[in-house]
Amino acid sequence: MLLLECPYCGVAADETELAAGGEAHLKRETVGSLDAEFEEYLFMRENPRGVHFERWRHAYGCGKWFLAARDTMTLEVFGTYPAQSKKPPKAIENLIKKKRPDWKGWA
Amino acid sequence: MSEPQTALQGATAQGFVTVSEDGLHGMISLRGDLNDPKLKAAVAKLTGAEVPAAGRISWKGDRGVAWMSPDELLVIGPYSSAGKDALVLSKALKGVHHLVANVSDARAVFRIEGAGFREVLAKLTPADVSMDAFGIGQIRRSRFAQVAGACWMLEEGSARVVCFRSVAGYIFGLLEHAARSGSEVGYF
Ligand SMILES: [Zn+2]
């Protein structure tokens, strides 16, 4: 069972209250982008075994999107943060570095 | 003129707690910037209750205000005046970016009364309804089995469950079944 704290409601939301939105922090390609860049944006995903950043929506709660940092292998959750974030908060990044010294960084 | 009816006409069931369909509620969905002074004032003037903090519900007399999301409140009051109340809110919020909708006829409300009410809720929702996480003045939106719903608590020993009117029969069935005598879990 996966529990993510919704940063808006402040409650521990069960996975079944949430809708998964795939990888977070994707750069959206637009007019003028190359075909290869569009392909990357539309289809290519990290899908890592380990530290991952994801979009989730509190579908049965406040209805808002938020972002989560977690380990796809152990299901350990490092933290959640608002969807309006361009990158993970420093505190979450530091926590991951501490717990996963071999982690290569979020970008 | 036909009389407004609740979805299940006040159905009740007696188990280790009492489950009963509550009467009609006036419910107004209000969206906007919850920190806007004009919005706060309009809500306070209509209900007498404060705009609640995240996850909370405030109540005064026969009116209440529930926090639904960072930009949404549920304004609760008498069913008979909901249409008028929605207009009052709209007028008071003129010039402020907002949305007001009278959703009274889209809802059903249930009372779960008795010492074991947390047991009944916990059988149906993944939300934490333990004493530490769910107490007086709190509202929790979640799901009950397969449908969306919310529960709130205004007094010791009971909770309300609100859902869409279209699933009132389903929710009542769930609650009645979860409350059957002999099915107590004794967790809380
Ligand atoms: Zn939420």
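A:C6 counts as buried, since its relative accessibility is 0%, where buried stands for under 20% relative accessible area, exposed for over 50%, and partly exposed for what lies in between, as judged with a 1.4 Å probe and the protein chains only. A:C62 is likewise buried, at 5% relative accessibility. The model is a predicted one, in which local features need pLDDT of at least 70 and side-chain atom pairs count only at pLDDT 80 or more, while totals for chains, interfaces and linings use all residues. Residues are numbered from 1 along each chain as its sequence is written, chains are lettered from A and ligands numbered from 1 in the order in which they are written, and side-chain values rest on heavy atoms, with hydrogens and water left out.

Both cysteines belong to a metal site: the zinc ion is coordinated by A:C6 (SG), A:C9 (SG), A:H58 (ND1) and A:C62 (SG), at 2.1 to 2.4 Å. Donors here are N, O and S atoms within 2.8 Å of the metal (3.2 Å for Na, K and Ca), and water is not among the atoms, so sites may look incomplete. Along the chain, the donors of the zinc ion follow the spacing C-x2-C-x48-H-x3-C. Within this set, A:C6 in the loop between β1 (3-5) and β2 (12-14) of chain A and A:C62 in the loop between β4 and β5 of chain A form a pair that links distant parts of the chain, 56 residues apart. Strands and helices are DSSP runs numbered from the N terminus, with helices (H or I) of at least four residues and strands (E) of at least two.

The arrangement around the zinc ion is tetrahedral because its four donor atoms subtend angles of 102 to 118°. Four donors count as tetrahedral if all angles lie between 85 and 135 degrees; four count as square planar and six as octahedral if opposite donors are over 155 degrees apart and all others between 65 and 115, and anything else is irregular. Ideal angles at a metal are 109.5 degrees for four tetrahedral donors. As for sulfur pairs, the count of disulfides over all chains comes to zero, a disulfide being a pair of cysteine sulfur atoms within 2.5 Å.

Charged contacts are present as well, and the structure holds 16 salt bridges over all chains, each a side-chain nitrogen of Lys or Arg within 4 Å of a carboxyl oxygen of Asp or Glu. In one of them the side chains of A:E54 and A:R70 meet at 2.5 Å, N to O. This pair links distant parts of the chain, with A:E54 in strand β4 (residues 51-57) and A:R70 in strand β5 (residues 65-71) of chain A, 16 residues apart. Both A:E54 and A:R70 are buried.

In chain B, a salt bridge joins B:R31 and B:D71, whose closest N and O atoms are 2.9 Å apart. Because B:R31 lies in strand β3 (residues 25-32) of chain B and B:D71 in the loop between β5 (63-69) and β6 (72-78), the pair ties together parts that are 40 residues apart in sequence. B:R31 is partly exposed at 32% relative accessibility, and B:D71 is partly exposed with a relative accessible area of 25%. These two residues are also members of a network of salt bridges that links A:K64, B:R31, B:D71 and B:E72. Another salt bridge of chain B brings together the side chains of B:R111 and B:E113 at 3.4 Å, N to O; B:R111 is partly exposed at 23%, and B:E113 is partly exposed at 31% relative accessibility.

Two backbone positions deserve a look. A:N47, in the loop between α1 and β4 of chain A, has a phi near 45°, a positive value in a residue other than glycine, and A:N47 counts as exposed at 67% relative accessibility. B:A145, in the loop between β9 (138-144) and β10 (147-155) of chain B, has a positive phi of about 50° although it is not a glycine, and B:A145 is partly exposed at 21% relative accessibility.

Finally, A:K98 lies in helix α2 (residues 90-99) of chain A and is exposed, with a relative accessible area of 71%. The C-alpha atoms of A:K98 and A:L2 are separated by 22 Å, the two residues being 96 residues apart along the chain.
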